[in-house]
Amino acid sequence: MIINNVTDGRKIPYTTNGNKIFFNDEMMLNLEKYERDYEISIDICEDENFMLVNGLGRRYVAQIKIPERKYKQVNAEQESNEDGDIGEAEPQYDVVPVPFDINKCTLNLWGLD
């Protein structure tokens with residue numbers, strides 16, 4: 001993950017495991033589930049009871065930016081004609097998503113003090 005410290009001060013404790021991020025042993029997000037064909041921003045805030053919430057709250061704690069899903073072309077299997085010949089057809093390609101990579105996500109952290 002790309003880490004940016006937005007403000008000074010003590011930051012919320014976090015850990016990652018695979019495609020999941022854990023905040024303060026209180027909130028877990030599977031970032032792969034949020035990936036879309038456009039960039040996603042997830043706001044993590046603290047509410048008036050000092051509990052973490054996904055979305056806006058009393059103050060920012062963190063923000064996660066997940067880049068848009070990427071795709072690649074792969075060769076499609078060629079179908080043979082009735083005689084069993086592959087023939088001179090143009091190559092066919094399938095478009096498949098590139099596997100999710102948490103290291104391409106950005107974590108912005110705000111100070112808690």
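Predicted model: local features only at pLDDT ≥ 70, side-chain atom pairs only at ≥ 80, totals over all residues.
Of its 113 residues, 30% are buried.

Now for a sheet. Strands of a sheet pair through backbone hydrogen bonds, and they can do this in a parallel or an antiparallel way. Here, look for an open sheet of three strands, in the order 2-3-4, with antiparallel pairing. Strand 2 (14-17) and strand 4 (27-30) are the edges, each pairing on one side only. From one strand to the next, the twist averages 20°. Zoom in on strand 2 and strand 3 (residues 20-23), and you'll find four bridges between them. Tyrosine 14 sits opposite phenylalanine 23 of strand 3.

Phe23 also takes us inside: it belongs to the largest nonpolar core, a group of 20 residues. Phe23 is among those with the most contacts inside this core, along with Leu29, Leu31, Ile42, Ile44, Ile64 and Ile66. Strands 3, 4, 5 (40-46), 7 (59-66) and 10 (106-109) each supply at least two of the core residues, and strand 7 gives the largest share, with four.

Which residues does isoleucine 66 touch, leaving aside its neighbours within four places in sequence? Its partners include Leu31, Tyr38, Ile42, Phe100 and Cys105. Across the protein, 58% of contacts between residues at least 6 apart in sequence join residues at least 24 apart.

Key
Residues numbered from 1 in each chain as written. Heavy atoms only, no water. Pairing = 2+ DSSP bridges. Axes fitted to C-alpha atoms, helices over the stretch in contact; angles between N-to-C directions. Core = buried A, V, L, I, M, F, W, Y, C linked by side-chain atoms within 4.5 Å. Buried < 20%, exposed > 50% of the residue type's maximum accessible area, 1.4 Å probe, protein only. Contact = heavy atoms within 4.5 Å.
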